[in-house]
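Welcome! Here is a friendly walk through one protein model, one topic at a time. Keep the sequence and the 3D view open as you read.

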Amino acid sequence: AQSVTQPDIHITVSEGASLELRCNYSYGATPYLFWYVQSPGQGLQLLLKYFSGDTLVQGIKGFEAEFKRSQSSFNLRKPSVHWSDAAEYFCAVGARIGGSQGNLIFGKGTKLSVKP
Amino acid sequence: KAGVTQTPRYLIKTRGQQVTLSCSPISGHRSVSWYQQTPGQGLQFLFEYFSETQRNKGNFPGRFSGRQFSNSRSEMNVSTLELGDSALYLCASSLVGPERGNTIYFGEGSWLTVV
């Protein structure tokens with residue numbers, strides 16, 4: 001069965017420091033992968049997505065993610081964190097239906113706190 | 001253009017009652033999905049509608065149902081509410097549904113509290 005694991009429940013980084021949020025997926029073929037961010041009391045905003053091609057994906061707000069098939073990982077990175085990045089981050093894989101992307105299967109999320 | 005709009009944003013219901021939540025997708029989007037978010041279970045897929053037909057369904061009891069109208073607007077209904085139904089219900093829309101390269105956009109959600 002398809003699944004997503006985000007090993008870190010909560011991460012705290014200092015403002016200006018680099019960030020890497022981990023995501024591992026379980027899937028039998030090339031997955032469709034997503035990172036979403038959720039601020040308190042808000043919905044989900046798409047940061048970036050991977051469908052095929054270049055394994056390094058650029059997203060909004062200065063985020064990037066790298067797809068590594070050998071490690072079944074899709075880690076999210078940002079070189080310099082801003083206080084406004086404090087939020088919860090969700091990695092998701094697109095479940096396949098008939099060979100196409102279906103619903104999203106989410107990880108449990110990683111809550112990011114930013115120290116001044 | 002306007003994003004995914006969900007109403008109401010907040011509501012409180014009593015056990016045993018039923019509730020209807022509404023979702024207006026982004027203009028031109030024909031696929032609408034619903035997700036439940038709770039602290040314990042995280043984000044779980046409820047169902048997806050496309051062109052007024054339920055195309056995909058998650059693992060939820062029959063008390064959870066939905067429908068989609070000809071203008072792509074969608075409603076979900078939960079009958080005989082239980083305390084465990086307290087959650088943030090998120091609606092998502094996409095252009096044509098499960099196709100390669102398709103991006104799914106989420107609304108801000110409806111917060112349901114069952115007392």
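## Salt bridges in chain B

B:Arg63 and B:Glu82 meet through their side chains in a salt bridge, at 3.6 Å from N to O. A salt bridge here is a side-chain nitrogen of Lys or Arg within 4 Å of a carboxyl oxygen of Asp or Glu. B:Arg63 sits in the loop between β6 (53-57) and β7 (64-68) of chain B, and B:Glu82 in the loop between β8 and β9 of chain B, so the pair ties together parts that are 19 residues apart in sequence. Strands (E, at least two residues) and helices (H or I, at least four) are DSSP runs, numbered from the N terminus. B:Arg63 is buried, with a relative accessible area of 17%, whereas B:Glu82 is partly exposed at 41%. Buried means under 20% relative accessible area, exposed means over 50%, and partly exposed is in between (1.4 Å probe, protein chains only).

Before going on, please note that this is a predicted model, in which local features need pLDDT of at least 70 and side-chain atom pairs count only at pLDDT 80 or more, while totals for chains, interfaces and linings use all residues. Residues are numbered from 1 along each chain as its sequence is written, chains are lettered from A and ligands numbered from 1 in the order in which they are written, and side-chain values use heavy atoms, with hydrogens and water left out.

A second salt bridge in chain B joins the side chains of B:Glu108 and B:Arg9 (2.9 Å, N to O). This pair links distant parts of the chain, 99 residues apart: B:Glu108 is in the loop between β10 (105-106) and β11 (110-114) of chain B, and B:Arg9 is in the loop between β1 and β2 of chain B. B:Glu108 is partly exposed, with a relative accessible area of 36%, and B:Arg9 is partly exposed too, at 24%.

## Salt bridges in chain A

How many salt bridges does a search of the whole structure find over all chains? There are ten. One of them pairs A:Arg77 with A:Glu66, whose closest N and O atoms are 3.2 Å apart. A:Arg77 lies in strand β9 of chain A and A:Glu66 in strand β8 of chain A, so the pair ties together parts eleven residues apart in sequence. A:Arg77 is partly exposed at 22% relative accessible area, and A:Glu66 is partly exposed at 23%. Salt bridges that share partners join A:Glu64, A:Glu66 and A:Arg77 into one network.

## Two disulfides

Now for another kind of link. The structure holds two disulfides over all chains, a disulfide being a pair of cysteine sulfur atoms within 2.5 Å. In chain A, A:Cys23 is joined to A:Cys91, with an S to S distance of 2.0 Å. A:Cys23 lies in the loop between β3 and β4 (24-26) of chain A and A:Cys91 in strand β10 of chain A, so the pair ties together parts that are 68 residues apart in sequence. A:Cys23 is buried, at 0% relative accessible area, and A:Cys91 is buried at 0% as well.

In chain B, B:Cys23 and B:Cys91 form a disulfide with their sulfur atoms 1.8 Å apart. The torsion about this S-S bond of B:Cys23 and B:Cys91 is about -65 degrees, so the disulfide is left-handed. B:Cys23 is in strand β3 (residues 19-24) of chain B and B:Cys91 in strand β9 of chain B, so the pair ties together parts 68 residues apart in sequence. Both B:Cys23 and B:Cys91 are buried.

## Where the chains meet

Contact (heavy atoms within 4.5 Å) between the chains takes 21 residues from chain A and 22 residues from chain B. The area buried between chain A and chain B is about 1,800 Å², with carbon and sulfur atoms giving 51% of it. Buried area is the accessible area (1.4 Å probe) that two parts lose on being put together, summed over both. The count of salt bridges between chain A and chain B is zero.

## Backbone details

The peptide bond from B:Thr7 to B:Pro8 is cis, with omega near -10 degrees. B:Pro8 lies in the loop between β1 (5-7) and β2 (10-13) of chain B.
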